[in-house]
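Please open the model in your viewer and keep the selection panel at hand.

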Amino acid sequence: MTKSKERKVRPYINPYVGGVLLGLVLLAANFVSGRGLGASGAIKSTVVTAMNTVAPEASANSGFVKEFGEAHSGSPMKTWLVFEMMGVLVGGFLSGALAGRLRFKVEHSPKITSRRRLIFALAGGVLFGFGSQLGRGCTSGSALSGMAVLSLGGFVTMMAIFGTAFALAYFFRKNWI
Amino acid sequence: MGPLSVNELISENTNLFLAFIIGIGFGFVLEQSGFSSSRKLAGVFYGYDTVVLKVFFTAAITAMLGLLFFSLFGWIDLNLVYVNPTYLTSAILGGIIMGVGFIMGGYCPGTSFCGASIGKLDALVFIGGLFLGVFIFGLGYNLWEGTYMANFLGSPKVSESLGMSDGIFAFILIIIALAMFWVAEWAEKKFPREEY
């Protein structure tokens, strides 16, 4: 089987340079808004909006929605993280376009099928989504941004995320290597 | 001076506009670093690609030092910068659940949006899972509210908890990160993979 590689894909940047740039973005976020970056918060906003729209009465009684309302005034979609995540989609797309990486693809180890990859992606997403709520933020909002402001919880969450994934890596190796 | 929005130096709409711009930078840097690829991300757990560790720790240290220097120069009031609160039980439990999700799904929320933006369908399905997971948390909130609120410690800094100054802690963290980078470079040579 021959792979046709007619398009030129540019290499990724040096990871340490990428890290410094990401750090500067995070610094800018703190300088502008007084808070770091995040991702799962935007998903929470969307879920709260959906709950308010689909089942307003049940939603009004939900402790989850109430807790969100106490922390955010105004429309749940008009929050910093929602706008930031819209930017992430644009920024990722621009980078992919410049580098020649725009392509519909299910990425997986040659040892597994696309179907298996997608089932695991869905299950992983459900767990990550749930865990991000329990942990008050994901890798971006809790671990990375928390570490930058020296939050104890940020360091604890970071170690729990990476420690668990590392400890379980052996059992899921077929999916990746 | 900073943080700009907390000190009301910029309007709420400007703040949201800047959020969008900062988001573009966030997504761009993630994609340029290879965070749109799940197999590249998962590589850190097998040693064949440690880009996650390098980018993550370099970024955390850059931002941490940036904040400390900005504070030193009087450019930002660190008392106005949000320090994530510590609820010890949920920080650990949530982190463990996220860790399982990470090794199964290959993405975290931020990187999945980045992957989806360049057409990764596995990232798109992962995002579908994220919404479902957040929704399940919301539905059953009463069931785990106790766990969610348990062991609240306020918003302590790790440096305070260890009884050292922010600067000393930052210095030690840099030494630890350099040691980890050294191990990471070694691991990539030890467990190489040509194409993935």
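This is a predicted model: local features need pLDDT of at least 70, side-chain atom pairs count only at pLDDT 80 or more; totals for chains, interfaces and linings use all residues.

Residues are numbered from 1 along each chain as its sequence is written, and chains are lettered from A.

**The interface.** Select chains A and B: 107 residues of chain A are in contact with 113 residues of chain B (contact: C-beta atoms, placed from the backbone, within 7 Å). H1(A) supplies the largest share of the side of chain A that touches chain B, with 18 residues (helices are DSSP runs of H or I, at least four residues, numbered from the N terminus).

**The helix pair.** Next, select residues 15–33 of chain A and residues 12–32 of chain B, the two H1 helices, whose axes come within 9 Å and cross at roughly 170° (axes are lines fitted to C-alpha atoms over the stretch in contact, and angles run from 0 to 180 degrees between N-to-C directions). H1(A) is therefore roughly antiparallel to H1(B) (an angle over 145 degrees). Among the residues that meet here are A:Leu22 and A:Val25 from H1(A), and B:Ile22 and B:Phe26 from H1(B).

**One residue.** Finally, select A:Leu26. Leaving aside neighbours within four places in sequence, which residues is A:Leu26 in contact with? They are A:Gly36, A:Leu37, A:Leu144, A:Ser145, A:Ala148, B:Ala59 and B:Ala63.

Note on methods:
Two residues are in contact if their C-beta atoms, placed from the backbone, lie within 7 Å. Angles under 35 degrees count as roughly parallel, over 145 as roughly antiparallel, 65 to 115 as roughly perpendicular and the rest as oblique.
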